[in-house]
Amino acid sequence: MKLAIIGDFNPASHTHIATNAAIGHAKAFLKLDLQADWIPTESILDNIASTTKNYKGFLIAPGSPYRSMAGTLEIIKYARLNNIPTLGTCGGFQHMVIEFARNVLNIKDAQHAEYDPYASKLVINPLSCSMKGQKLKINITGKQSQTYKIFNSDTIEEQYYCNFGLNPEFQSDIHNNGFKIVGSDASDEARILELEGHKFFIATLFVPQDNSTPDNPNKLITGFVSVVCL
């Protein structure tokens, strides 16, 4: 079984190293044979057929801006439409939101402030207060969600590395059109999104990979890997 990690791997990036480690923890815990390959974003558009054919799940990695937003959005769209297990964390969350806004909400000029801070439709905008390097509480509000079943808890604490998040102006439209807000912070801002009716399509603004050890693999990463290998 093969899993694609969509992102531009940087060996100096803590979150990228943590991503590899967390997948390893989940594989060992579940006793599964899973190959995880990093796919550079700028290679995707020229290899879209082989990438979508060869991989049974996609982890949209932290660490934006990506070299190719277009390639990343194409993979996310494919996974959303074809019921392919997908988990996006930090930058992955942000790009899953952009793809949904453009192709489901039909906001064709939906943009990310890290790419174009002066765009008219900043669906992803700077957080009012940077959460980079902080471990914060998330309230799981969607009690019928996959996320709640995975964590089996009303609250969790996870590590953030981001300066950008979902613009609160778009939260209701995104939620009401099926990309449900199932986890939020104390200010009711979206921190976990989950696509209704999908096998596994979850986006977290935090980086669950950072909260994983060999003895205690992160539950969300483990849940994702188990679905990929079904």
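Okay, hi everyone. Before anything else, please keep in mind that this is a predicted model.

Let's start with the sheets. One of them is an open sheet of three strands, ordered β5-β6-β9, and its pairing is mixed. At the edges sit β5, residues 110-112, and β9, residues 164-166, and each of those pairs on one side only. From one strand to the next, the twist averages 35 degrees. If you look at β5 and β6, where β6 covers residues 121-126, you'll find them running parallel, joined by three bridges. To put residues on that, His112 has Ile124 in β6 as its bridge partner. Then there's a helix on this sheet: α4, residues 91-103, packs there and touches β5, β6 and β9. The direction of α4 makes about 165 degrees with that of β5.

Which way do its side chains go? Phe201 and Ala203 point one way, Ile202 and Thr204 point the other way, and all of them are buried. With β12 you get to see both. Strand β4, residues 86-89, runs parallel to β12, with four bridges joining them, and Thr89 stands opposite Thr204 there. Strand β11, residues 190-195, pairs with β12 in the antiparallel sense, over three bridges. In that pairing, Leu193 is the residue opposite Ala203. β11 and β12 make a hairpin with five residues between the strands, and in that hairpin Gly197 takes a positive phi near 80 degrees.

Next, a helix pair. Helix α1, residues 14-30, packs against helix α7, residues 219-228, at an angle of about 65 degrees, and their axes are 9 Å apart. The α1 and α7 crossing is right-handed. So who meets whom? On the α1 side it's Ala22, Ile23, Ala26, Phe29 and Leu30, and on the α7 side it's Ile221, Thr222, Val225 and Ser226. By type, the contact of α1 with α7 has seven nonpolar residues, two polar and no charged.

Gln171 is in helix α6, residues 171-176. Is Gln171 buried or exposed? Its relative accessible area is 12%, and the cut-off for buried is under 20%, so Gln171 counts as buried. Leaving aside residues up to four places away in sequence, Gln171 touches Leu166, Ile181, Asp188, Glu189 and Ala190.

Leu81 has 55% relative accessibility, and since exposed means over 50%, it counts as exposed. For a sense of distance, the C-alpha atoms of Leu81 and Pro208 are 25 Å from each other, with the two residues 127 apart along the chain.

Last up, the cysteines. How many disulfides are there? The count comes to zero. As for where the cysteines sit, Cys90 is buried because its relative accessibility is 7%. Cys229 has 18%, which is under the 20% limit, so that one counts as buried too.

That's my tour, thanks, and I'm happy to go back to any part of it.

Conventions: Residues numbered from 1 in each chain as written. Predicted model: local features only at pLDDT ≥ 70, side-chain atom pairs only at ≥ 80, totals over all residues. Heavy atoms only, no water. Axes fitted to C-alpha atoms, helices over the stretch in contact; angles between N-to-C directions. Helix = DSSP H or I, 4+ residues; strand = E, 2+ residues; numbered from the N terminus. Left-handed = near helix turned anticlockwise from the far one by under 90°. Contact = heavy atoms within 4.5 Å. Nonpolar A, V, L, I, M, F, W, Y, C, P; charged D, E, K, R; others polar. Buried < 20%, exposed > 50% of the residue type's maximum accessible area, 1.4 Å probe, protein only. Disulfide = S-S within 2.5 Å. Pairing = 2+ DSSP bridges.
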